[in-house]
Amino acid sequence: MTLPTPILHTERLRLRPFTDDDADALFELQSDADVLRYWDSPPWVDRASVGRFMDGCRRMAEEGSGARVAIERGADQAFVGWCTFNSWNPDFRSASLGYCLNREAWGHGYATEAARALLGWAFDTIDLNRVQSETDTRNLASARVLEKLGFVREGTLREDCIVNGDVSDSWVYGLLRRDWTS
């Protein structure tokens, strides 16, 4: 089953498939140590990472395992980050949600707006029952985004990641179809 990457519009944003024109902005985002300070993978130092990321986006769509979209501001078409719906498991009717935005986009509600649009698409497109997301316990801004979307904190994965050499915990959040309000 393929899962074509959607083009979605919100009040302030456009979510769309990645293009080659996104390469520089994507590299800048993923190489920013401050942006990735809570991630379990290091900032990019090799521009070849862009190609691997883009290949992963295409593969996800072709395999039907998810969709990763570029987020651009509607007012000026500036790339502000990305949002992903991935790990789609049709047997369990479950998937995961993630997002990454550049520092200039923080604090404007873009992550919530983009994730809400992508979740709405996912709940409308496939027979989805549950979406899960995880965030480092120190990343309170990400936790707030998930809670605004209706996710419920279900538990803590103790010492599940090593971030920048530090062992860290993650919170697990879940959102069920019956609790989803677009």
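**View 1. Surroundings of valine 69.** Leaving aside neighbours within four places in sequence, valine 69 is in contact with Thr5, Pro6, Leu15, Arg16, Phe18, Gly81, Trp82, Cys83 and Leu118, where contact means heavy atoms within 4.5 Å. The model is predicted: local features need pLDDT of at least 70, side-chain atom pairs count only at pLDDT 80 or more, and totals for chains, interfaces and linings use all residues. Residues are numbered from 1 along each chain as its sequence is written, and side-chain values use heavy atoms, with hydrogens and water left out. Valine 69 is found in strand E3; helices (H or I, at least four residues) and strands (E, at least two) are DSSP runs, numbered from the N terminus. At 0% relative accessibility, valine 69 counts as buried. Buried means under 20% relative accessible area, exposed means over 50%, and partly exposed lies in between (1.4 Å probe, protein chains only). From valine 69 to arginine 177, the separation is 108 residues in sequence and 22 Å in space, C-alpha to C-alpha.

**View 2. The crossing of helices H1 and H2.** The axes of H1 (residues 23-30) and H2 (residues 48-63) come within 10 Å and cross at roughly 105°. Axes are lines fitted to C-alpha atoms, for helices over the stretch in contact, and angles run from 0 to 180 degrees between N-to-C directions. H1 and H2 are therefore roughly perpendicular to each other, a term for angles of 65 to 115 degrees; under 35 is roughly parallel, over 145 roughly antiparallel, and the rest oblique. Ala23, Leu26 and Phe27 of H1 make the contact with Val50, Phe53 and Met54 of H2. By class, this contact of H1 with H2 has 6 nonpolar, no polar and no charged residues (nonpolar: Ala, Val, Leu, Ile, Met, Phe, Trp, Tyr, Cys and Pro; charged: Asp, Glu, Lys and Arg; polar: the others, Gly among them).

**View 3. The two faces of helix H1.** Ala23, Leu26, Phe27, Leu29 and Gln30 are the buried residues of H1. They cover an arc of only 160° around the axis, which puts them on the same side of H1; the arc is that of the directions from the helix axis to the C-beta atoms. Exposed residues Asp24 and Glu28 are carried on the face of H1 turned away from its buried side. The buried residues of H1 pack against H2, strand E4 (79-89) and strand E5 (94-101).

**View 4. Strand E4 between its partners.** In E4, 9 of the 11 residues are buried, so the strand is largely enclosed by the rest of the structure. Strand E3 (residues 67-73) pairs with E4 in the antiparallel sense over 6 bridges, and two strands pair if DSSP finds at least two bridges between them. Phenylalanine 79 in E4 is the bridge partner of glutamate 72. The hairpin of E3 and E4 has 5 residues between the strands, and in this hairpin glutamine 77 takes a positive phi near 60°. E4 also pairs with E5, in the antiparallel sense over 7 bridges. Opposite cysteine 83 stands tyrosine 99 in E5.

View 5. Strand E6 (residues 130-136) runs antiparallel to E8 and is joined to it by 7 bridges, with valine 131 opposite leucine 175 in E8. Strand E7 (residues 152-163) and E8 pair in the antiparallel sense over 8 bridges. The hairpin of E7 and E8 has 2 residues between the strands, and asparagine 164 there takes a positive phi near 50°.
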